[in-house]
Amino acid sequence: MATISASRTILFSHSSKLFFFPFKPSPFSSSHIPFSLPLRFTRPTCTLNLSPYPSDPQHQQHHHHHHHQNPRNVIEILEQRGLLESLTSDALRNISSNNIGATPPLKVYCGFDPTAESLHLGNLLGIIVLSWFHRCGHRPVALIGGATARVGDPSGKSLERPQLDVDTLEKNTAGISSTIIRILGGAQNQNLGNGYADDDNSVVVLNNYDWWKEFSLLDFLKNVGRYARVGTMMAKESVRKRLESEQGMSFTEFTYQLLQGYDFLYLFQNEGVSVQIGGSDQWGNITAGTDLIRKILQVDGAAYGLTFPLLLKSDGTKFGKSEDGAIWLSPNLLSPYKFYQYFFSVPDDDVIRFLKILTFLDIEEIAQLEGEMIKPGYVPNTLQRRLAEEVTRFVHGEDGLSEALRATEALRPGSETKLDWKTIEGIAEDVPSCSLPYDEVLNQSLVDLSVSSGLFDSKSAARRLLKQGGVYLNNCRVNSENKRIEVEDIVDGKVLLLSAGKKNKVLVRIA
């Protein structure tokens, strides 16, 4: 087994919870320390019993056998879950095995161009795959494309992207960086859970503008362009498709693959990054990088690419943008409640696949859930609820999840949830609303208010449903036809929620 570096992090998987242990160098032999597997630990002190073995072949077989039983190889995990499309070389399987101490951790990067102020669901897979590498003891690097966004990636696009001004790019870069740090950093803290510092394994976020801004065109032609073969560049799918279209392709976009290719070379040389991951439409850009590393640095088989399938619905349509816009990952653009609701309403055909792709639940547990779906007593949407909870927790943390659950509960007439201003705001954009002056609301009869707010067309319709017990004020059923609005009915002095039956609601804001 190879040398353990001073701050190597040992990772132990136990019933789908991951524990990271910073590993301090031991006073004895710093060179070869074979371990016995499995590592045992006792809580709460988390002591590791590491007993050095004499290196005889019998024990080495034992290691191998154990590893085989418990595939914590990140490539096997991705394959099992439907997150692996293609690899530039099968050798990546061997070096990504995290048989503890056998190989140093890999540094793995995924690029995100700041073309919008938030990432959306389409980008989530890159973060999830980075997180799987992280959970298997490797080091994630997120690269923000401050430079490449100025050029525009032609992959999967039929038109050239609009040019973004510098202020917009900087705002987008800041937004995307904080989202990535929030999600990957948050996932890491959920895993650690024991207050263990994990400085070595923290998420690294870089911006490619930092090295491109110094690069002159002549340097680029001399140092990069010379090694690029136009024939190879033309053969890439992203280029071929565009050349056949009416719009054609600009020289600027044509060079994009070389920029991304050089990024990989730069990170390989300066940051020790040896793996690049991306969606299946990134294959051409990723192999441009492995080619440059091979030609310019004269090293073979040291850099690898991995792609994952694009996130598609069962009908084959793309995910990123839904009917009413993208499913954004930033809570400023899409409330955790709407994010949660989106997954809650996924069709049954998609739910198992999404549990595999978008959550970190054990594959055995997902198989068990799938079995429950076909049983006679299955409550519809049980799996969707689980999916929505897991994905919302990963993206928005525990706080975001509880906000989503509160708002979901708050929208159920008759629910016990005490409505507060924040919960109502969370649902505001999903419910018709109107603004009325305070004196037109206070002491107003509920029947009149439900007509002036547009909940009912006529007072008689309002009275009829009131008699049947179908009218709710802030989720509480109203039993009296003579009910008038009192001060305490107005939530935080700002809003009230009227409901007719289960579906129709209107939010009355106090102007």
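Student: OK, so a pocket here is an open set of grid points with protein on both sides within 12 Å along at least five of seven lines. What volume does the second largest pocket have?

Tutor: In this predicted model, the volume of the second largest pocket is about 570 Å³.

Student: Which residues sit nearest its centre?

Tutor: Y337, Q341, T408, L411 and R412 lie nearest the centre of the second largest pocket, out of 18 residues that line it.

Student: And which helix gives the most to that lining?

Tutor: That's α16, with 5 residues. Helix α16 covers residues 382-410, and α13 (336-344) also supplies at least two residues of the lining.

Student: What kinds of residues make up the lining of the second largest pocket?

Tutor: The lining divides into 8 nonpolar, 2 polar and 8 charged residues.

Student: Where does the second largest pocket lie relative to the domains, and why?

Tutor: It lies between domain 2 (335-411) and domain 3 (421-510), because both of them give residues to its lining.

Student: Let's switch to the largest pocket. What's its volume?

Tutor: The largest pocket has a volume of about 1100 Å³. It is lined by 46 residues, and the closest to its centre are H120, N123, R161, D281 and Q282.

Student: Which strands and helices supply at least two residues each to that lining?

Tutor: The strands are β6 (107-112), β7 (139-144) and β9 (275-279), and the helices are α4 (121-135) and α11 (256-271).

Student: How many nonpolar, polar and charged residues does the lining of the largest pocket have?

Tutor: By class, there are 21 nonpolar, 17 polar and 8 charged residues in the lining of the largest pocket.

Student: New topic: strand β17. Is it mostly covered or mostly uncovered?

Tutor: Strand β17, residues 504-510, is mostly covered, with 5 of its 7 residues buried.

Student: How do β13 and β16 run relative to β17, parallel or antiparallel?

Tutor: Strand β13 (residues 433-436) runs parallel to β17, joined by 4 bridges. Strand β16 (residues 495-500) runs antiparallel to β17, with 6 bridges between them.

Student: One last thing: how many residues come between the strands in the hairpin of β16 and β17?

Tutor: There are 3 residues between the strands of that hairpin, and G501 takes a positive phi near 70° there.

Note on methods
Residues numbered from 1 in each chain as written. Predicted model: local features only at pLDDT ≥ 70, side-chain atom pairs only at ≥ 80, totals over all residues. Heavy atoms only, no water. 1 Å grid on protein atoms, 1.4 Å probe; cavity = no way out; pocket = protein on both sides within 12 Å on 5 of 7 lines; lining within 4 Å. Points joined across faces, edges and corners; volume = space filled by probe spheres on them. Nonpolar A, V, L, I, M, F, W, Y, C, P; charged D, E, K, R; others polar. Domains from an automatic or database assignment. Buried < 20%, exposed > 50% of the residue type's maximum accessible area, 1.4 Å probe, protein only. Pairing = 2+ DSSP bridges.
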